[in-house]
Amino acid sequence: SATSAGASVTVRTAPEITTQPMDQILCEGETINLMVVSSGTAPLSYQWWKDGAPISRATSAMLSIPGALAADSGSYFVVVTNVCGTDTSAAAEVTVRVAPTITTQPLDQTLCLDDALVLTAAAAGTLPISYQWAKDGADLPGETASTLTITSVTVADAGVYTVTATNACGSATSNPATVVVREPPTTTSDPTNQSICPGETATFPVPAPGPPPPEYQS
């Protein structure tokens, strides 16, 4: 009899993804981290895809995108390959939210007593966005819309107004809007009778408060 030399048999296994990438919701500026764990005969190669297109140089088990932008939102998956085949992960939905920015600033206003005050602002960013108006640095209870309306102003409504827009990623405060409320003039004393000689000057002081300086007509 004769016995041959030994022959080694190696059975390779195709890739199998055992841990899928997870959906992520994050804010602009944060880091997207997507990871898979896979089994199968080494070496394993990886290629990440976004919205059906391969991502350049994204060829490891972890995909990291620092400083994420809104444009990085999308559907991500990875294809794992070895000599025996491929396996494709489930899709991970990535949503990058945007913090608010004030796009329409409230404007200064000069009003008369009992006029209507309307201050309007607008903010861009990921919805929902909430608003909070403040006067002279103090929040105004219940004033949580993008427009602040006071139907009949009083002297107490004069001041500096701002609005803060807030969402899940942060907040932004508008420029200050100065509101001036003017009152109609009222005299504080009446003219008095006078006896003067010919050629002398008769003066009738009738003070009225301002601002603005009042005009007089005798």
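This is a short talk on a single-chain model, from overall shape down to a few residues.

The model is predicted, so local features need pLDDT of at least 70 and side-chain atom pairs count only at pLDDT 80 or more, while totals for chains, interfaces and linings use all residues. Residues are numbered from 1 along each chain as its sequence is written, and side-chain values use heavy atoms, with hydrogens and water left out.

I'll start with the whole chain. There are 0 helices and 20 strands; helices (H or I, at least four residues) and strands (E, at least two) are DSSP runs, numbered from the N terminus. The radius of gyration is 37 Å, well over the 17 Å that the globule rule gives for 218 residues, so the chain is more spread out than a compact globule. That radius is taken over C-alpha atoms, and the globule rule is 2.2 Å times the number of residues to the power 0.38. Along the principal axes, the C-alpha atoms fill a box of roughly 160 × 30 × 25 Å.

Next, surface and burial. The chain has an accessible surface of about 13,500 Å², and carbon and sulfur atoms hold 55% of that. Areas come from the Shrake-Rupley method with a 1.4 Å probe; for residues, only the protein chains shown count as cover. Of the 218 residues, 28% are buried. Buried means under 20% relative accessible area, exposed over 50%, and partly exposed in between (1.4 Å probe, protein chains only).

On contacts, meaning heavy atoms within 4.5 Å: among those in the chain with a separation of 6 or more, 57% are between residues 24 or more positions apart.

On charge, the chain has 6 positive and 19 negative charges, and their mean positions are 19 Å apart. Lys and Arg count as positive and Asp and Glu as negative, with His and the chain ends not counted. Each charge is placed at NZ of Lys, CZ of Arg, CG of Asp or CD of Glu.

Now the aromatics. How many aromatic pairs does the structure hold? The count is 1. The ring centres of W49 and F77 are 5.9 Å apart and the planes are at 10°, so this pair is stacked. The rule covers rings of Phe, Tyr and Trp (its six-membered ring) with centres within 6.5 Å; planes under 30 degrees apart are stacked, over 60 edge-to-face, and the rest tilted. W49 is in strand 5 (residues 45-50) and F77 in strand 8 (residues 74-82), so the pair ties together parts that are 28 residues apart in sequence. W49 itself is partly exposed, at 25% relative accessibility.

Some backbone details follow. Two peptide bonds to mention are cis, with omega near 0°: the one from A42 to P43 and the one from L127 to P128. P43 sits in the loop between strand 4 (37-39) and strand 5. P128 sits in the loop between strand 14 (122-124) and strand 15 (130-135).

D51 has a phi near 50°, which is positive in a residue other than glycine. Its loop runs between strand 5 and strand 6 (53-54). D136 is not a glycine either, and its phi is positive at about 50°. D136 is placed in the loop between strand 15 and strand 16 (138-139).

Is Q109 buried or exposed? With a relative accessible area of 19%, Q109 is buried. Q109 belongs to strand 12 (residues 109-112). Beyond its neighbours within four places in sequence, Q109 contacts L117, V118, L119, T178, V179 and V180.

V160, in strand 18 (residues 159-167), is partly exposed at 33%. Outside four places in sequence, the contacts of V160 include D136, the residue with the positive phi. V160 and N175 are 15 residues apart in sequence, with 9.8 Å between their C-alpha atoms.

S60 is in the loop between strand 6 and strand 7 (62-65) and is partly exposed at 36% relative accessibility. Not counting residues up to four places away, S60 touches Y46 and W48. From S60 to V36 the C-alpha distance is 9.2 Å, across 24 residues of sequence.

S146 is in the loop between strand 16 and strand 17 (147-150) and is partly exposed at 28%. Leaving aside neighbours within four places, S146 is in contact with L119, T120, A121, Y131 and W133. S146 and A122 are 24 residues apart in sequence and 6.2 Å apart, C-alpha to C-alpha.
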